[in-house]
Each structure stands twice: as C-alpha cells, then as structure tokens.
Amino acid sequence: MSTLTDAKPVVSPWSPFGYRAFALLWVATLISNIGTWMHDVGAGWLMTTLNSSPAVVTLVQAATTLPFFLFALLAGALADRLDKRRMLITINLVLFGVISLLALLVWQEQMTPVLLILFTFVIGTGAAFMAPAWQAVVPQLIPRETLKPAIALNSMGINISRAIGPALAGILIAGVGLAAPFALNAATHLVIIAALVFWRSEAAPSRTHHGSILSEMATGLRHVRYNGPMLATLVRAVAFFVFASAYWSLLPLIARGVADGGSELYGMLMALIGAGAVTGALVLPRLTGKLTSNQTVQFGTLGTAAALTILALSAEPLALMAAAFLGGLSWIAVLTSFNVSAQLALPDWVRARGLAVFLMGFFGSMALGSILWGQIATATSVPITLLIAAMGLIAGMLLTRKVDVGQAESLDLSAANAWPQAPALDPSSSMDQRAMVTVEYRIAEADRAGFTAALQIFAKERLRNGATRWDLHQSVEDPEVWIESFHLPSWAEHLEQHARVTRHDADLQQSVRTFDIRESGPVVRHFVVPQVAIPQPI
C-alpha cells in the first residue's frame, strides 16, 4: 500500500472546467458507444450466419460479458493505483488495433465461429479493463449532489447510442456488408483517444508505496464484503440481471424467427430498446421524490418480465417492437437505480475497486444467464426460455424484496481526517511489516451491552477500511477493561487507513468512544511484527 503526500489540484472537480471535461468525455463516450452497439449487432448477426444454434449464438453475448467477471476487480485495482487517463488511452489504442484486424478478417470472409468468439472475448477484456476507470472518473468531475443526474445522463448517452448504433448497423449490414460495423467501431476508438488527450485530469495525491496488486484486490473485496449498502446493491443486481439477460442473448434468434425477419428487424429491435431507455432516462428525474429506489427497481423488474412475456408469446413485428421499447424503458430504470446506489455507497479511495465488484456481479450474471438461456433454448425453444426467465425475474424480486437498494443515499462518505497522526516508525523498520492496532476501553458494567452492540457495528469500519482481522477481548483481572484489536497487512496500509475514514465512520467511532468512562478516552497502541527472526518452539 502507499503513503499519501500533498498534491496541488490542477482544477476543482466542481469548477466550470470540471463540467466542460464531463461534457467532452460524455460526447466522446456517446460516439464510442454507437460504435460498440454497431459492433455487438454485427457480431450477433454474423454468428447467426456462421452457426444458428442457440447454444452457439448466445456464446457471443457470454464472450462479451464474461471478461468483466474475470478481470474487473484487477482492472479496478489498477485504476485505483495508476493514472486513469493514461490507462484509458493505452487500452483504447490496443482495442483500435484488435477491432481493425477483426474488420479485415470479416471483409476477407476469413471469420469462423471460434475465431469470432475469441475476438469478442479479447475485445470484452479491453472493455472490462476500461470500465472501472471510466466509472471512477465521473465523481472527480462533478460534486456529489449532481452525481445522480450525471449518472442518469451517462446512462442516457449509452442508450442514445443504443438507439442509433443498432439501427445504423442493420442498414450497414444490408447495404454495405458485415465488415462495415466493425470498421466504424474501430474508428470510434480514435475519437475517444482524442478526447482523452485533450482532457487534463486533476492531479491525484501521489502514492509513494504500493502493496501487491493481489493485496489491493483483496482490500477491495473486503470493503464490499463489509459495506452493507454496497452488498445489498450487489445482491439485488444479481437477482435481476441473471434473468434479464435472456432477451439480450436471444434477440438475434427472436428476430430471425419472424417471417421475413432479418438484420433490419434485429437492428430495429435493438434501436427500440435504446429508444425506450432514453425515454426512461428523461422520465426518471421527474419521479425523484415520488418513488424510492426500491420501488423504481420493482417497477422496472415487472416491466422487464412483461417484455419477456410478449417476446415469448408473439411473432408479430409490431408486438415485438413494443416489447423491445418496454424492455429498454424498464432496463434503464433498474440499471440507473443500481448504478447510483453503488456509486453513493463507495468512498473515493476504493471507488474503482468497489465499482469493479459491482461490474463483476453485473456482467457475471449476464454471462451466466446467456449461457444458461442458450442451453435451455436448445433443449426446449426460445419462447419457453423467455417465459422461464420472466418467471425467474418475479421470483428473484420477491426473494430479495427485504434487501433495500439506495441505503447510502443519506450517508456522508467524504474524508473526515478524524484520526490523529500515526506514530513515526523506526527508521530501520519496513513499511511492509504487518501491523496491529489495539484500543483499550474502560466500560462500566451497566454499559456493557450497549458498548458491545455499538462496537460490533463499528468493527465493519475497521474491516472495510483495510483490516484483515478484528477481535474484542475483556480483561479477566479487571472486567471493566476491554481491548479491541485489528490486524493490517502492512504498516503502510495502516497509514492509508487514517486517510480512508469517512465522516460516517467518524460518527460510528464517536458512538463507541462515549461509553469509555475515563476523561482521557480510549488508549490506542500500535504494533508491528519484528524483523528479527523469532525462534519457533520445538
């Protein structure tokens, strides 16, 4: 892990420049996402021409989403420790080369099902390494009170591109050829590279010491594990996306199953999903204060189940178009609620890693669902599969109805700077030495129940801010004395722990300290594992 040194910001994130930077990156992302949706439609339709088996066609969606499950946490750890701007430029350069090669092979008719899945997986891997950094950039550009509309605006941009990209892809495939969507997608990565070159991000605090990447990934996982609002968001998201993935993965087969259906109908259905999502993004701000996050998710889940049912029971193009629009409208309501809930549940220091875990749940569910629905459709039929997914959505909503979304909306997760400076480490000692901190309390017998209850809640703060283990002991000789201890993987980790304490954490800590009957308050002591060899008992 690292220590923090002072760094002078180039610009306040809520200055006019911050908003201009947000607008610049928003437009670049819109153009890039148009290319991405063209690419996805092209890949899905190309696979139906190479192999129309449902089990094979749905592998395209799985290959797109599986890399997020596999690599998002690593990407988040990298984004939390590297310069996000340079990281994004590098990834986009690599993706430009890979997608250009894919377009060339399609143009020369050298593509095979296996090769297409491999390319899709590689491109999905690049997207997985980009996503946490992109997500973490937004709060740097705007103040917290505008985060919700900014996320909705981001979602609207994604869905504007979803409305334009698929329709454009259908036209290009029919009029130019299957290589055209891939070639244009490659070009859009040059646009986003140009925007990143022009953008000058705020100087982040320099980090003079890093732990291993695995250690930082583990810290991110522990934070989510003990972050109640984030964990609740993740549970609800998995319960939704596993089943909602059905119409995404099966949509090419739904379009092909219609009489005279083709790439134009497929592109139109995808475009209508995007149009529904844009409509939802415009309507959602008006519902703020009228519907809670939980109610928004519930209505969106019911709408998605209804869309799946219509897709299953009708083969009429107009009915399918209506279902696609409803699906997009419902999708944006649920996705925006989950995204805002996740963003608000995370402090800045672990934002990229925390969002990476959310993306793992999101895309892992989508990948699992795509594979599952492909196998079920092969064994039964596409309509039966869609009906099963619709029933699963309702069941998942009912089973998780007591897990609230948006629990962190009222929490202040800004840095508190509440802890006093840590003692200086002996110059001969290493920052990598494992550390332990103890806090001694003196608690009156009448206050023991209230003290232990408050401390059990506060213990999660220790664990989500870097501790690997937490314990509480009571003295045998003097029962009023209680010792809280928590272990950290390094002394550097403890120094960073000082900077990670939020105002909400400080309030929890104060609720514990009030039980100590001494005027001076609890006594804090610090320990490190000695570097000298310790003889082991024989």
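Tutor: Our residue, V57, lies in helix α2, which covers residues 54-81. Before we zoom in, note that this is a predicted model, where local features need pLDDT of at least 70, side-chain atom pairs count only at pLDDT 80 or more, and totals for chains, interfaces and linings use all residues. Residues are numbered from 1 along each chain as its sequence is written, and side-chain values use heavy atoms, with hydrogens and water left out.

So is V57 buried or exposed? It counts as buried, because its relative accessibility is 3%, and buried means under 20% relative accessible area, exposed over 50%, partly exposed in between (1.4 Å probe, protein chains only). Across the protein, 54% of the 538 residues count as buried too.

Contact means heavy atoms within 4.5 Å. Setting aside neighbours within four places in sequence, V57 touches M47, T48, N51, S52, P252 and L253. There's also P113: it is 56 residues from V57 along the chain, yet their C-alpha atoms are separated by 9.1 Å.

For another valine, look at V27 in helix α1, residues 16-50. V27 is partly exposed, with a relative accessible area of 42%. Zooming back out, the protein has 16 helices and four strands.

Key: Helix = DSSP H or I, 4+ residues; strand = E, 2+ residues; numbered from the N terminus.
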